[in-house]
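Here is a friendly walk through a structure that may be new to you.

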Amino acid sequence: MPDALLDKVRAAVGAPNVLTGVELSPYVVEGRTPEAAVFPGSVDEVAAVIGLAAEAARPVTPWGGGTAASVGMPAAPGGFVLGLRRLSRLLEHEPGDLTASAEAGMTVDAFQTALRGRGQWVSLDPADARLATLGGVLATNASGPRRHLYGTARDLLIGLTVVTADGAIVRGGGKVVKNVAGYDLPKLFVGSYGTLGVIVEATVKLRPLPDHERLLCIPFDRLKDAGAAVRALLAGDLIPNAIELLDAAAGAALGAEGPALVVGFDGLREQVDWQCAELTRLAASCGGREGRPLPDDTWPRLETAARAAFPAATAFMAFSVLPSQVADLMEQGAGAARARGLASAWAAHAGVGVVRAALASDVRPKEPAALAGVLTDWRDLARAGGGHGTLEWVPLAVKSQVPVWDDPGAAGRIMERIKAQLDPRNILNPGRFVAGI
Amino acid sequence: MATLTASAKRDLRHELEAIVGPGAVLSDPDELLVYESDGLTLFRALADFVLFPTSVEHVAAIVKLANREKLPFVARGAGTGLSGGCLPAEGGIVISLMRMNRVLEVDYDNQIAVVEPGLVNLHLSWKVGPHGYYYAPDPSSQQACTIGGNIANNSGGPHTLKYGVTTNHVLGLEVVMPDGEIVWLGGKTRDANGYDLAGVFVGSEGTFGIATKIVVRILKKPQAVKTVLAVFDEIDRASEAVSAVIGRGLVPAAMEMIDHLTIQAVEDAFGCGYPRDADAALLIELDGLTVGMEPQAERIVAACREAGAREIRTAKNEAERLLLWKGRKSAFGAYGRISPAYMVMDGVIPRTKLPYVLHRVNEIVAAAGLRVGNVFHAGDGNLHPNLLYDPRKPGDEARVVAAGAEIMKVCAEVGGSISGEHGIGLEKSDFMPFIFSAADLAFMHRLKGAFNPTGLCNPGKIFPTKKSCGEAGAVAYRPHPIEEKGLAQRF
Amino acid sequence: MHASSHGTLPTSSEPLTLHGLSVEGVNQCVHCGLCLAYCPTFSELGTEMDSPRGRIFLVKSLAEGRMTMSDSTVRHLSLCLDCRACETVCPAGVPYGRLIEAAKAEIERRRPGGPIRRIFRWLNFGLLLGHPRLLALAASGARLYQTSGLQALARRSGLIRRLPGTLPAWDALLPTVPAKAERAAPPRLTPAEGPRRARVALLTGCVQSVIFGAHNRATVRVLAKNGCDVVVPEGQGCCGALNAHGGDHARALAMARSTIDTFEAAGVEAVIVNTSGCGAHMKAYGHLLADDPAYAERAKRFAASVKDLAEFLAREPLRGPLSPVPLTCTYHDPCHVVHGQKIKSEPRQLLAQIPGLRLVELAESDWCCGSAGIYNLTQPEMATRLLHRKVGHVLATKAEAVVTANPGCILQIQTGLGAHDAKIDVLHLVEILDRAYGGPGDGGNGR
């Protein structure tokens, strides 16, 4: 990177907020080192830095807590890491309106703590909430088990401020829960992995904290029976906030014996009690054994239940399929892995059809071919039902054999056009996303 | 703007008939006249053709032909929209989706349905009702409006407080793009692969293409429902009650406010049991498990009493509940009984600003010498002040237009928005600068360029028509219909 | 600021009229569109001009001189069933029925059609409906046509299909005309059985008395069982409903006056009607004759005394004893009872009192069957589409019988069920009541 450019960046954000050389080690991803890591302290500073990057046609990698840094296709080399951690203030919390605004670099935990003080929360429960930032969660559409009842970031984000690829500051949505003025920019940015703009502020819908909450674990002899229980649960009157299906490996990691159905309820105590009793009856009629409540600290472990089954999983993948296909995918996927001599663990948000799988860590010298084979088999299984699969983590060598992202079909061309319109110089996370964007 | 010669029109008519069939093309001026407006009769625009396709292939062929001839085109559902969104502002083709109105598939296990755009919103709930399911987004016009129209405007309704708006219930769309290509955005599974194109399409007011199949979520009907009418002697108390309910940690399924004037109209029309002497009434609905319904209802009643409700009535059965809702849902039409004409606003404000904004609205309306009826989604701050006037009284219309602008400004001032659910369309495009900067509008315009580069798909909507917003591809300035009538001026 | 406006821009301050009749009601329409999904023709066609909102727009445009009476305008207005389902849902209270009748009157004035059509209209509206004795004569002729085997021959040979215009539809719908004895009017006075509670008159109707004389006799019996002295005035004519709905306004006025004269003389507290169109139309006599100083007040009083049979009987529990009528049936609401008079629960209340009777609700029970007066003769294609829709719903109930309260509906639904080879009876409400009272379950329903 030319010194002249670095100097300008230092001038924009202050020299102590620009890291180079050995200080960059936390920002090395898959062996690639950025040229600098820049930490602006305000929205205007973010805009200034991006403006400079745009002028110099340098790629920019927005960085929140870094928890999803290695997700995606290998980004183009060079350029800046743009860290948002200094933009971490709570901007507004209006309990009577059930809305709050915060800067994108605030961690999810810090945000929730601030809201809890007024008896409210944003109904998002992604993994690594201590590290993950609001902006990062929005950009990756990260979510957790309670998405079953409360939806994901796309359902909770009502307004945002972004810095666009040419350094302009743009606002979309607003501060009110119903708003159809203009295009739905919040939807555009959620899950866009920073390729269309850098999120700097966000406004979300809130909910009152529930009176009570409980997580019930019901072990089964067979996964397929647990799947039947899920189907019965979905067709009934109960209102769970989470429905998790775990195979034996994932279940064991959480302390269950064998495949397990883990269901969460919240609300008034009497509502939670009643629903737990109903669930136990319903599950028993499908072959479920005695249920027991799980400790509260199980909640944050549910999102990563599959990979937690192994000390250091070799690869993990996420699938989006129809709820009715979940149990079959889990069983057939495990079978496909076994056929290649590999062990796997499976866990799903069964009510929304989101399935995660991890491959065991004892794969001999990371044989890319075997890995690639299994992952491709898994993706094919998901696609057969009209779904898709994303590689959330694999060794770099495998990424060149199995695309990280599934094929978007004709819609990919529209995505390319959007990218071309909004980031014509292709400086924001170039090459990282779906369709080679 | 396309001007077709008589012979060009004749030739095109033949070609269009070859695509959709002879009974599906209107080009006779007498038959085009009824299509000049949607639910808003103030704005009128004549199409050159109105077509009735019955398949996605028809729609694609029509769009391709429109591209070839450089004719603008716009999709239309039931025409109940309130912002002029389906008007052929620059002539061209209106594509009516009313003959594509089937439920194609219902998958109860996965709680989704695939429907055609011309399906009436309520008919979907009727279809899945016997199985114990319903479609949650329930605009007041749901007896007539279509799913396709709901997609265009990201329609809400009273129950969006708890259940969200249309976009929270759409998983995927088959779309005919503005260039005629048929593409699926999203699908049947929950998470998008790549950008959330379905999410971006919903609410794009027909400027990104035409949806020809829609995958929606259906929900299990709640075990129990409790509907309560809280009566207030002062509308301020009712506004405070709204915040008080939320403050007690409750999110009802719906919270609707009806004011004194509206109660008179509604009682004249249907006799729903609203007390005629109330200054305001709050219709509050709770739904969920039977267990716990009573304590939650008690909390709501307590909150309302604390805020000063003089009376609280509970609907004793489904028939009573439906009657209470009938009043709310027919309120707009019922104004026809107490005023020859009215203009409905659609502003959104933070809930806590409700008392202040209602006061300002009253001030503005009184200063203009008009009356206002308020009926709206108090729970999410989505206001519908209805300004009552007499079109035969000279100057009334101009005064209403001016008052409306001031009300929109107040909404913007308090951190709200200029449209909660009716869309920007034609009617509010010039107010976009109240809430969006030039940079914001330019960004949205570039997004539009990715979908609709030629600008032929529903032109003249959403964006201000003045050139100052920096649109690429200059659109010649055309005075608004109200201006042409000498009834309003640009500020 | 451009706010949304409802209500329409008037082009002048003159009141709007068509054919001299006020159509100011168009200005009540706020264009909300709630009527669209309840309009049978819109549901079938999807075109705005075939919806109530669209038709109101056409009427308004005609009245304002913005449109001319073109072919397409005539077609769309004529396709209206005048079922008034839209009025039931309209929140603004637009008096749609009056608007469309004014429009049809104007159509007749400006576009009377060719000579054959004019002759037909004169034959029906002028001659037959206006003169009960001629109608009876025509009925005898029709009976001869049927019993002599001529009709069967005409059908077999295909001659019917070659007839011009809508004549084939006429033949298809022609019910079996009962024998002359069957067509006799009920006695002029039938005293109440048991304690007397009212003195009422019965409108015997035109088509009703010719084809369904049995229903009139059953009505008299049922009313008598429920404590009514029943007067059947002699020399009563047609009430004029078909004329008014068909745009024959002048004759409709004359028939109204004549009907009022006849029934006033009877000195009764209620005029009972067992057909739907007549009931609705006579209840509107006050409006029809509002501009006639000699009749205005009398018409209002008369209109207030008109009662639909179900409306009248449902005021008190039916007098016993009632014998069981073991039947699974479903109820079709005739348009001009349910929409024209807002009577929906009363027929069901009556049926609920009949022991052994099981009622299954009919989907779209208040949707027009396509009979709509003589609509099935003038617009056979749409009438058939709506009939198929109705029959589909009837078959879905798996009922043994369809019960309704209008001769036109009975004939129409019978035709539809026949086309499906369905062995389902179509009965008048009063036939069920009559059976419960042990009275003769006369035939005479045209099957």
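Q: What makes C:Tyr331 and C:Lys390 count as being in contact with C:Ser365?
A: This is a predicted model, and a contact in it needs heavy atoms within 4.5 Å. Leaving aside neighbours within four places in sequence, C:Ser365 is in contact with C:Tyr331, C:His332, C:Asp333, C:Lys344, C:Arg348 and C:Lys390. C:Ser365 itself lies in a loop of chain C, between β9 (357-360) and α20 (375-378).

Q: Is C:Ser365 called buried or exposed, and why?
A: C:Ser365 has 5% relative accessibility, and the cut-off for buried is under 20%. C:Ser365 therefore counts as buried.

Q: How do you know that the side chains of C:Ser365 and C:Arg348 are joined by a polar contact?
A: The contact between these two side chains is 3.4 Å, and the limit is within 3.5 Å for a pair of N or O atoms. The pair therefore passes as a polar contact.

Q: Why is the link between B:Glu31 and C:Arg75 called a salt bridge?
A: The closest N and O atoms of B:Glu31 and C:Arg75 are 3.1 Å apart. The rule asks for a side-chain nitrogen of Lys or Arg within 4 Å of a carboxyl oxygen of Asp or Glu, so this pair qualifies. Across the interface of chain B and chain C, the rule finds three salt bridges. Between these chains there are also twelve residue pairs in polar contact, with both residues at pLDDT 80 or more.

Q: Which elements of chain B give two or more residues to the side that touches chain C?
A: They are α2 (29-32), α4 (121-128), α9 (260-270), α12 (331-334), β16 (341-344) and α14 (396-413). The largest share, five residues, comes from α14(B). By class, this side of chain B has 31 nonpolar, 15 polar and 14 charged residues.

Q: How much area is buried between chain B and chain C?
A: About 4300 Å² is buried there, and carbon and sulfur atoms give 57% of this area. On the chain B side, B:Asp30, B:Val34 and B:Arg392 lose the most area to chain C, together 16% of what that side buries. The contact takes 60 residues from chain B and 48 residues from chain C.

Q: What makes α9(B) a mostly covered helix?
A: Nine of its eleven residues are buried; among them are B:Leu261, B:Ile263, B:Val266 and B:Phe270. Buried here stands for under 20% relative accessible area, so these residues fall below that cut-off.

Q: Where do the domains of chain B run?
A: The domain assignment gives domain 1 (103-220), domain 2 (224-331) and domain 3 (339-425). The C-alpha centres of domain 1 and domain 3 of chain B lie 29 Å apart.

Q: How do you know that domain 1 and domain 3 of chain B touch?
A: Eight residues of domain 1 are in contact with nine residues of domain 3. The two domains bury about 570 Å² between them, 43% of it on carbon and sulfur atoms. B:Asn153, B:Leu161 and B:Glu205 supply 61% of the area that domain 1 buries against domain 3. Across this interface the rule finds zero salt bridges, but it does find four residue pairs in polar contact, both residues being at pLDDT 80 or more. The side of domain 1 that touches domain 3 has two nonpolar, five polar and one charged residue.

Note on methods:
Residues numbered from 1 in each chain as written. Chains lettered and ligands numbered in written order. Predicted model: local features only at pLDDT ≥ 70, side-chain atom pairs only at ≥ 80, totals over all residues. Heavy atoms only, no water. Buried area = accessible area lost by both parts, 1.4 Å probe. Polar contact = N/O pair within 3.5 Å; in protein donor to acceptor, adjacent residues only side chain to side chain. Helix = DSSP H or I, 4+ residues; strand = E, 2+ residues; numbered from the N terminus. Nonpolar A, V, L, I, M, F, W, Y, C, P; charged D, E, K, R; others polar. Domains from an automatic or database assignment. Buried < 20%, exposed > 50% of the residue type's maximum accessible area, 1.4 Å probe, protein only.
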